[in-house]
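Here are some friendly notes to read alongside the model. Keep the structure open and find each part as you go.

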Amino acid sequence: MTALLEVQDLHKHFGGVQAVNACSFTAAEGQITGLIGPNGAGKSTAIDLISGFKIPDTGTVVFEGKQVQGKPPYAISRMGMIRTFQTPREWPALSVLENLILACYEPRREGFWLSLRGPTRAEKERASEQLIRARAILEEFGLLSLRNERAGNLSGGQKRLLEFGRIRMAEPRLVILDEPMGGVNPVLGERMATAVLGFVGAGTSVIIVEHNLPFIERVTDQVVVMAEGRVIAEAPFEQLRGNQAVVDAYLGEMPTYDDADN
Amino acid sequence: MIDYLVSILTEGVIFAIMALGLNVIWGWSGDFDLAYYGYVALGAYMTLVLTIGPPTQPTTYILGLTLPFPIAVIIAIISSMLLALIVGAIALRHLRGIYFSIVTLGAVYVLYIFAGQFVPLFNGYNGLSGLFDPMGDFFHIDFASYGFYYLGLCAVVLIAVVIMVTRLNTSRFGLALRSLREDERAAAAFGRNIYVTKLKAYVLGAGIGGLGGALFAGYLSAFNPSAWSPVETIILYAAILVGGRGSTRGVVLGVAVMVMGLQEATRYLPEVANQPSFAPAFRLILTGIVLVLFIRFRPQGILPERRLRDEDPAGKSGAAAVAEKVVTGPSLDTGVA
């Protein structure tokens, strides 16, 4: 397993609060890596630092062998690392289909002059291929009949699925999912677990921040546990139960698949 | 009567051009820009100083060239775009929403006071005048029929602008821009350089504003600070909001309703004794009422922005869909229409 993402000794403070303190971990290619920890552990800040939405005080983030710390979010995204946010961030006034099509960043076609001149034949072909792919993805997520709907009119769960659809459309090398299960019912949760596993099948490695431990146990290959800004454990989920530091910091009483649906 | 109609229409067409430029900035990109009328004014001023010849005592202004009207208009557009590049580069860097608006309002007031007080620039509060019938001599048009000709010229320019913004709006450029308006962080997460894209839209919008200003100068044959109080921008915003923010057809309709329609509707009000300012005041009150009603009951405007519609009836995916006509409405250069 080669490391797709290597985070080394990341630090970030806000005023007197050391949000991320010497955080280091790796995420392997073709794997699903969970990132868990109590509230305030620095998970969200860590992924903001990795994805460029915040700039680390010190430390390095190496993605596919290139240092990316301090780069702007769009540059990191173009390298193939896409993140989601705790709340679904669809483009509300655009249609569901437009939301999907826009997930593919296309520097040439989005340029001013080319847009003014109108698309060439090759670009039209590319666009129609994209449309067909978008339809197929919408069908997979059960959103096809809603494709002309304003994305802002979707339900919370549908917005989560739309977000997953955008990731499938963009086909990044790595996706960082920030609490994708927030406010999602169990039936939909099952569907989302399948979708997360599907990302790996489509060539996208996954980092997933989540409090829903049964979900983490089910989908992840490796789990990184953070507490107070640092990584306290890095192991497959089943090994964490025996790790006293993790139990003290986060797990507490052992959760089981049945009763831990936060 | 016919002259009157021509002048009303010319004014409407020029305001429609201005509103379309503002719609790029506010309707697509989502930035509530209050400096916009500054770009219109700069376009007008530049057109005048490039065409009316050297100043005579006691007036003073820069340049004082006698360039042909079309060349002056092009230089005027470029000037407006350069000014917008400077203002936009500062204001769009980190500021959004009301903070962006405040900075742009500050910028336009600096410009307004500068143009008024610094007399050597554009002759201060007395302004510039003397651009009579641009290109009238070139086409040998007599004074009586010149109004028709100028209306025609403005209409041709409006059509060109409509074609341009329609193309952009249905292109990936326009779509990406609207994604910035809808959610910037998500747009950045999917690879959009927000600052550069927004700045492009800002400069483009200002260029269209400069074009509107240039035509306005040709129509008025003069320009001074009383012709462009920064409040004028609000009238353009009212037109865009009523017509349909982001919608090209809507904006043109909005100008017809809010600029031309309201002006005409209030023209035949009975005069109130000793209150000569009653009619203009009433017009502003009416504008405000219409605006409030629209924001409350139809915020998307009369002709709302259109979304891509994918009309594939069975929702087929795969090769079968290629052969069918699947996209109507804005074609979004998907190429399948």
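**Notes on the two chains**

1. Start with a pair of residues in chain A: Phe14(A) stands opposite Val17(A), which lies in S2(A). The strands S1(A), residues 3-14, and S2(A) pair in the antiparallel sense over 8 bridges. Two strands count as paired if DSSP finds at least two bridges between them. Helices (H or I, at least four residues) and strands (E, at least two) are DSSP runs, numbered from the N terminus.

2. Before going on, please note that this is a predicted model, where local features need pLDDT of at least 70 and side-chain atom pairs count only at pLDDT 80 or more, while totals for chains, interfaces and linings use all residues. Residues are numbered from 1 along each chain as its sequence is written, and chains are lettered from A and ligands numbered from 1 in the order in which they are written.

3. Which order do the strands take in the open sheet of 4 strands in chain A? The order is S2-S1-S4-S5, with antiparallel pairing. Its edge strands are S2 (17-28) and S5 (66-67) of chain A, each of which pairs on one side only.

4. Chain A also has an open sheet of 6 strands, in the order S6-S7-S8-S3-S9-S10, with mixed pairing. Strand S6 (81-83) and S10 of chain A are at the edges with a single partner strand each, so one side of each has no neighbour in the sheet. From one strand to the next, the twist averages 15°. Helix H10 (residues 244-251) of chain A packs on this sheet and touches strand S3 (32-36), S9 and S10 of chain A; the direction of this helix makes about 120° with that of S10(A). Axes are lines fitted to C-alpha atoms, for helices over the stretch in contact, and angles run from 0 to 180 degrees between N-to-C directions. Residues are in contact if their C-beta atoms, placed from the backbone, lie within 7 Å.

5. Now look at the hairpin formed by S9(A) and S10(A), which has 2 residues between the strands. In the turn, Glu228(A) has a positive phi of about 50°. The strands S9 (residues 222-227) and S10 (residues 230-235) of chain A run antiparallel and are joined by 5 bridges. Ala227(A) stands opposite Arg230(A), and Val224(A) has Glu234(A) as its bridge partner.

6. Turn to chain B, where H6(B) and helix H9 (residues 194-220) pack at an angle of about 175°, with their axes 11 Å apart. These two helices, H6(B) and H9(B), are therefore roughly antiparallel to each other (angles under 35 degrees count as roughly parallel, over 145 as roughly antiparallel, 65 to 115 as roughly perpendicular and the rest as oblique). Among the residues that meet are Tyr150(B) and Val157(B) of H6(B) and Leu211(B) and Tyr219(B) of H9(B).

7. Helix H10 (residues 232-243) and helix H12 (residues 278-297) of chain B pack at an angle of about 35°, with their axes 10 Å apart. The residues in this contact include Leu241(B) of H10(B) and Phe294(B) of H12(B).

8. How many residues does each chain give to the contact between chains A and B? Chain B gives 35 residues and chain A gives 41 residues. On the side of chain B that touches chain A, H7(B) gives the most, with 8 residues.

Terms used: Contact = placed C-beta atoms within 7 Å.
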